[in-house]
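Here is a friendly walk through one protein model, written to be read with the structure open beside you. Take a moment to turn it around before reading on.

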Amino acid sequence: DSLSTNANRAGRNLSFKNNLIEIAARAEYTFFSVHDVGRTGRYLLDFRTYINIGAALVYSNPKAEYNGTNYSLRKLQTEGKKYSAFQFALPVALGMYYTYKRTNRFGFEVGWRWTLTDYLDDVSDRYPDTTGMDPIAIALSDRSGEGGKAGTEGYPSKDNYSYNYETGVGSP
């Protein structure tokens, strides 16, 4: 967030790293193709365009660095909620390829994954009640004070990024 040009994100100052591992099954439909144009075997052209859709299982374990140490955010429950490391996703793609001389294939694919979770980055919609939370989890759940931008000119107040349950100030 600290590098964002969006003032709200820069002021929030959260950061994470996540190596996702996915296993997926997809069904593909070819909607335009040209095969061996003359049907004589002398043409070596193969061109196809396709769309595919499927289902995927994704392993996710977001981490953040704090004081030189990497911490697993999922285990710390920095938002006060427990969620699984395994999530479902729906992959969809549109692509094309061109086969040259029956041995070389060139193409590209544009794909999108709809995930059925909002916790790939360990942030969803609210800051937690930090009562009883691990001190490291508390520090990683609200990093707006670390960047020095929250509350300065052009950036929202720090109260926009944290919630005081006693006074009701901030965004829950």
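This is a predicted model: local features need pLDDT of at least 70, side-chain atom pairs count only at pLDDT 80 or more; totals for chains, interfaces and linings use all residues.

Strands, as the word is used here, are DSSP runs of E at least two residues long, numbered from the N terminus.

**The overall fold**

The protein chain holds three helices and eight strands. Followed along the sequence, their order is α-β-β-β-β-α-β-β-α-β-β. Of the 172 residues in the protein chain, 28% count as buried.

Two strands, β5 (86–100) and β6 (104–115), each supply at least two residues of the patch. Which strand gives the most? That is β5, with three residues.

Leu 116 counts as exposed because its relative accessibility is 56%, and the cut-off for exposed is over 50%.

The side chain of Gln 87 reaches the backbone oxygen of Ser 84 at 2.7 Å. Leaving aside neighbours within four places in sequence, Gln 87 is in contact with Ala 56, Leu 57, Val 58, Leu 116 and Thr 117.

Side chains of opposite charge can pair when their charged atoms come close. How many salt bridges does the model contain? The count comes to two, and they are set out here.

| Salt bridge | N to O distance |
|---|---|
| Arg 113 and Glu 22 | 2.8 Å |
| Arg 26 and Glu 109 | 3.3 Å |

In the pair of Arg 113 and Glu 22, Arg 113 lies in strand β6 and Glu 22 in strand β1 (residues 21–35), so to speak linking distant parts of the chain, 91 residues apart. Arg 113 is partly exposed, at 35% relative accessibility, and Glu 22 is also partly exposed, with a relative accessible area of 35%.

The side chains of Arg 26 and Glu 109 meet in the other salt bridge. Arg 26 lies in strand β1 and Glu 109 in strand β6, so this pair ties together parts that are 83 residues apart in sequence. Arg 26 counts as partly exposed at 41% relative accessibility, and Glu 109 is partly exposed with a relative accessible area of 37%.

Strand β3 (residues 63–66) and strand β4 (residues 69–72) run antiparallel and are joined by four bridges. Lys 63 has Ser 72 of β4 as its bridge partner. Two residues lie between the strands of this hairpin, and Asn 67 takes a positive phi near 50° there.

Ser 72 also meets Asn 61: a polar contact of 2.9 Å joins their side chains. Asn 61 has its place in the loop between β2 (45–59) and β3. Asn 61 is buried, with a relative accessible area of 13%. Not counting residues up to four places away in sequence, Asn 61 touches Lys 17, Asn 18, Ser 72 and Arg 74.

**Ala 139 in helix α3**

A last stop is Ala 139, in helix α3. Ala 139 is buried, with a relative accessible area of 17%. Which residues does Ala 139 contact, leaving aside its neighbours within four places in sequence? They are Tyr 66 and Glu 146. Ala 139 and Tyr 66 are 73 residues apart along the chain, and their C-alpha atoms are separated by 8.4 Å.

Notes: Residues are numbered from 1 along each chain as its sequence is written. Side-chain values use heavy atoms; hydrogens and water are left out. Buried means under 20% relative accessible area, exposed over 50%, partly exposed in between (1.4 Å probe, protein chains only). Contact means heavy atoms within 4.5 Å. Two strands pair if DSSP finds at least two bridges between them. A polar contact is a pair of N or O atoms within 3.5 Å; within protein, one must be able to donate a hydrogen and the other to accept it, and residues adjacent in sequence count only if both atoms are side-chain atoms. A salt bridge is a side-chain nitrogen of Lys or Arg within 4 Å of a carboxyl oxygen of Asp or Glu.
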